[in-house]
Amino acid sequence: MILYLSIIPLLLGGVSLILNQRTKITIVLTFTSLLTSIVILLFNIGKNFEMVIGNWGTLGISIGYDEFALPFLLAVIVVLSAITLNSLQKSYDGFFYALITLLLGSLNAVFITRDLFNVYVSFELASIIGFILIAYGRKGKQIWATVKYMLISALGFNFYLIGIGLVYMKSGTFSFSALDYMDKLPAVLIFTGLSVKSGLFLLSMWLPDAHANAITEVSPILSGLMVKIEDYLVIRFLQYGSFQWLRNFYLVIGTFSAVAGVLFAMNAKKAKDVLAYHTFSQIGFIIAASNMAAAWHAFSHAVFKGLLFMTAGNIKERLGTQKIQEWKGKINIKEYIPLLVGSAAIMGTPLTSGFVTKNGIMDSISGPAKYFLVVASIGTVISFSKLIFVGVSKEKMKLRWNMWLAYGIMVAAVFIHGIIGFDTHHTLDALIMIATGIPLFFMLKKFLNPLPRIFERLDNALILYLLLFGIMLTFVLE
Amino acid sequence: MNLKRILAISIVCYIFVLFFFQVDFTAALEAQSKINTLVEKVKIPNTVTAVYLRSRVYDTLFEVIVFSVGVLGVTIMLKAEPRSELSEQTIFGTAQVYSSGIMAISVTIFLYVVLNGHISPGGGFAGGVILASSVVLYGVSSSFIKALSHYEKLRMKILENIALVIILSLMTMGLSFPNFTFGLNEAQSYGSILSGGVIPLINLLIGLKVYAGAWKMASEFVVRRGTL
Amino acid sequence: MISDMVIYTSLIGAFLGTLGMLLTSNLIKKILALGIVETSVTLFFTAISSKGGTRAPIIPSLPIENVHFADPIPQAVIITSIVIGFAILSLLLTFTIMLHNRYHTVDIDLIEGMLEGEEE
Amino acid sequence: MLFTVTAFSVFYLITALSVITAKTNFKAVIWYGILGFFASVIMLLLGAPDVALTQFTVGVTLVILVYIMAIKKQRRVRIGYVPTPHMIYRSNNTLQGLEWEIISRIQVLEGYHVESREFEGTSQAVEALKSGNIDIVCGGLIDDNVQNLDFFEKIPYLETVLFKIDDREVDYIHLKMLGKTMEKIEAVPSRKSYYIFLLSNRADDLKNFIISDLIELKKTGELKNIVERYL
């Protein structure tokens, strides 16, 4: 039953690939596959099982479902439905919707699979769709961002393949359960191989370029869903024996990424750049904790970052610029509210989803890392003050129904999640953080200038990635 | 610049030196029992095909879709790019004769590799790529316009689409019903072409699909960049 | 023994490919170097499959002989990965053509220099 | 067996080294093809004929693709023109004129190689356009001269006024030419029209380029300068 979560969207996506001249049919197929995914997911909530497709034993592919997959599967459905709604009435062709349907299938497949090679295949399908979507606008910058992404990630995936080859050599199966008896080397190869797409600072420096330059509908997918695959896999693999020793490493690199991402984001001037750098920081939070709370933070991050990217993209399309300076006084109230809700959620304001999940992460971390994460949270408030105090214009603007619905789904998800999980014992901390952050923003405003983007060049990004890989390998030596 | 090179070389050397001392070669692989199970369940000689199209068909489903997305991506991305001129291609008589010969041979090889994919080495993907590359070579060295026209003449686009739909549905059937083989296995003797059940059919369709896709991809490249 | 040697060969091949990707600024040569890494990984998997024996896993007649067959699973799996690699390399070449049409060069330093001057 | 595999492994590594140290793209591609061959031979020896076959065929196809990609062939633009004073004409073996100034910007801005061909009359030029021998026709063509033809694109670039002489309509340039030969003409301005370029349907990229370039020329006022220089 759970298998159809990926098979149905893949089949319908294959049909839409063929009918890519008929946009309406492909839109209907996209919504059909979203609906079937919701229904199948509802039937499976609360279950916990693992099985092999077609009784093949160790020769086949095993799939399964448990509570860790739920936040990610939910995030896929929420973000993709909002994106598809937002893209209606713009000039997208059928190929775009076919790609969205296939993306749904491949993401669902990653989150239900328990087979190392199947992870590679479905992840690769998702990334190929991502490559094409980034370059969809056919501008020079977008194409270069894609090429950078492709070269680095293809190299990383070859390391991953070497890693799972070692696993197979030792155990004779590709199933996840083989990871229990492995030594340290395959674990390092698997982690670094996948982490090119994780969105961690130093490991995936292609990210700001790709996320900031992609078109409106694609940035939420990249930031909300594509980077979450690796987060899911990190959390999943930590359940197996040979990955346990990596937990401290995750804590260090996650905290570093959280702080460094905020530092870059505070100084950025363009709206989408700010959001792209904040992906580094929020993924840092997730990787640092790597537990159930982190999984739910991945869900809430997917929703509010998707909302922010979508709103910023729509404003950019309307005004023709993404410099926050030039947005002053031109933003309509109907665009300002989603922007405000998203910013409130990422800052961790009470009653929003960000508050709930960030507190979950903070509770599960102890030691010096906690202080760095608090600093990162205050930095988040500082950098989002730029977007909050942007000024609203009085002009009237008509928002189309599909955009209403797209914003509505995401805003509702933010608030429902926030109200269900609301808990009073951290409210004061959150309010203090916001209260210190906003005055700090007005004090520091003059000193904030974009930092050099030297790390984001292709060669430098590759060298940084390999450098971190080398450092990790050093830890393998006893 | 120089510093970067030195840094790059030293890091990569460091990583791979560490690799060599870490790789553990003690393997516990026993292929015999796997082969026994595969032959017993699928009843075809080529166990690689048995894994590829039966026990791990879920991976192959993704592979087919990745290939289709790749081909369509290449086509759609290159649509707005400037075209190169094809009409003034210098044709050498010898090259034309030889490449026509290669064409004829490669069609035969295509059919052999694809239809015998479950008995001898081969399969849909290899066969399709063989045919496509020989057609591209023919077009590049002889007459590209002639090679281009066969795509329309044979209605390859429709054929390709039908092939994709049938492949996907057959694979879904195989995933949903583990014993789905059209019941031909039992009637035929071990090792004959029809003993594969649906496997030769899937191989043939994948071959057609891959041929059409690879040819489309290569022809888009040639149209943009010019022939030899 | 044979497979151990090929494992070493494939690792050195991957090493050379990675170096090649870092040391050139020509996009086409970077793509070819990536192709070397991919081919080496393919070799690595075939080497793994031949750990138990080097007889091709094709059984022509039914009572299965007890010889050392190679493992069919890594072979089947790596065919999938070859196809995916092929799709990725051809997409990369497509994007190279598009970049060349826009910037008239395949040198990444020049392209990155031009992009930095470009606004929005 | 061991010796053979060792030998091919060494060859494999040598070719890999040759690919990354090759001086030109061409040599790198050739070495890459040989690398794929050695890899598939090793696979064959290790008992993986399926993988060897797939690797070999994919290698060949990739080599062909890269080979096509690496050969730099420039776009060629062939212009057919009907010699017209002020618009496009040959003097001292170089082309000059208003239309030439606009079209030759392709050469400078896009790096295309421009070839020109002379035609006696408009109908011959249109015929050549139809058969695909040229990409652009120019030479004082007016919107009304060519109609009911669907194998080309018209790009209007300059507004003009048609004059009526007796029972036929003449445009400004031809009126000027007539003015040199005849003593006295009675020309009555009748209606507005456009000077156009005719573009082959197959040249989408040229069309986009010329239209965007014309908009830019109009915006910067350069078009006015060019027109004033020649008319």
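**Entry 1: ground rules**

Buried means under 20% relative accessible area, exposed means over 50%, and partly exposed lies in between, with a 1.4 Å probe and protein chains only. I am looking at a predicted model, where local features need pLDDT of at least 70, side-chain atom pairs count only at pLDDT 80 or more, and totals for chains, interfaces and linings use all residues. Residues are numbered from 1 along each chain as its sequence is written, chains are lettered from A and ligands numbered from 1 in the order in which they are written, and side-chain values use heavy atoms, leaving out hydrogens and water.

**Entry 2: chain D as a whole**

I began with chain D. Its 231 residues are 49% buried. I looked up its elements and found 9 helices and 8 strands. Helices (H or I, at least four residues) and strands (E, at least two) are DSSP runs, numbered from the N terminus.

Next came the surface. Chain D has an accessible surface of about 11700 Å². Carbon and sulfur atoms hold 55% of that surface. Such areas come from the Shrake-Rupley method with a 1.4 Å probe, and for residues only the protein chains shown count as cover.

Then I looked at contacts (heavy atoms within 4.5 Å). Of the contacts in chain D between residues at least 6 apart in sequence, 70% join residues at least 24 apart.

**Entry 3: strand 8 of chain D**

Which strands does strand 8 of chain D pair with here? I found strand 5 (residues 136–142), joined to strand 8 (residues 188–200) by 4 bridges. I also found strand 6 (residues 152–165), joined to strand 8 by 12 bridges. Strand 5 runs antiparallel to strand 8, and strand 6 runs antiparallel to strand 8 as well. Two strands pair if DSSP finds at least two bridges between them.

I checked Leu198(D) in strand 8. Val137(D) has Leu198(D) as a bridge partner. Lys154(D) also has Leu198(D) as a bridge partner.

**Entry 4: chain A as a whole**

Chain A has 19 helices and 2 strands. I noted that 70% of its 478 residues are buried. Its C-alpha atoms fill a box of roughly 65 × 55 × 45 Å along the principal axes.

I compared its radius of gyration with a rule. The radius is taken over C-alpha atoms, and the globule rule is 2.2 Å times the number of residues to the power 0.38. A compact globule of 478 residues would have a value near 23 Å, and chain A agrees with 21 Å.

Chain A exposes about 14700 Å², with 68% supplied by carbon and sulfur atoms. For its contacts with a separation of 6 or more, 81% are between residues 24 or more positions apart.

What about neighbours? Of the 5 pairs of chains that touch, chains A and B have the most contacts. No contact joins chains A and D, and their closest C-alpha atoms are 14 Å apart.

**Entry 5: the two strands of chain A**

Strand 1 (residues 49–52) of chain A is joined to strand 2 by 4 bridges, and the two run antiparallel. Met51(A) has Ile63(A) in strand 2 as its bridge partner.

Are the faces of strand 2 of chain A covered or uncovered? Both are covered: Ser62(A) and Gly64(A) on one side are buried, and so are Ile63(A) and Tyr65(A) on the other. In a regular strand the side chains alternate between the two faces of the sheet.

**Entry 6: loops of chain A**

Leu202(A) is not a glycine, yet has a positive phi of about 75 degrees. Leu351(A), also not a glycine, has a positive phi of about 75 degrees. Most residues other than glycine have a negative phi.

Leu202(A) sits in the loop between helix 7 (184–195) and helix 8 (207–213). Leu202(A) has a relative accessible area of 17%, so it counts as buried. Leu351(A) sits in the loop between helix 14 (333–347) and helix 15 (353–364). Leu351(A) has 41%, so it counts as partly exposed.

Ile331(A) is in the loop between helix 13 (324–327) and helix 14. With a relative accessible area of 0%, Ile331(A) is buried. Leaving out residues up to four places away in sequence, I found that Ile331(A) touches residues including Ile315(A), Arg318(A), Tyr336(A) and Val390(A).

**Entry 7: one lysine of chain B**

Lys79(B) lies in the loop between helix 4 (57–78) and helix 5 (93–115) of chain B. Is Lys79(B) buried or exposed? Lys79(B) is exposed, with a relative accessible area of 58%. Lys79(B) and Arg224(B) are 145 residues apart in sequence, and their C-alpha atoms are 9.5 Å apart in space.
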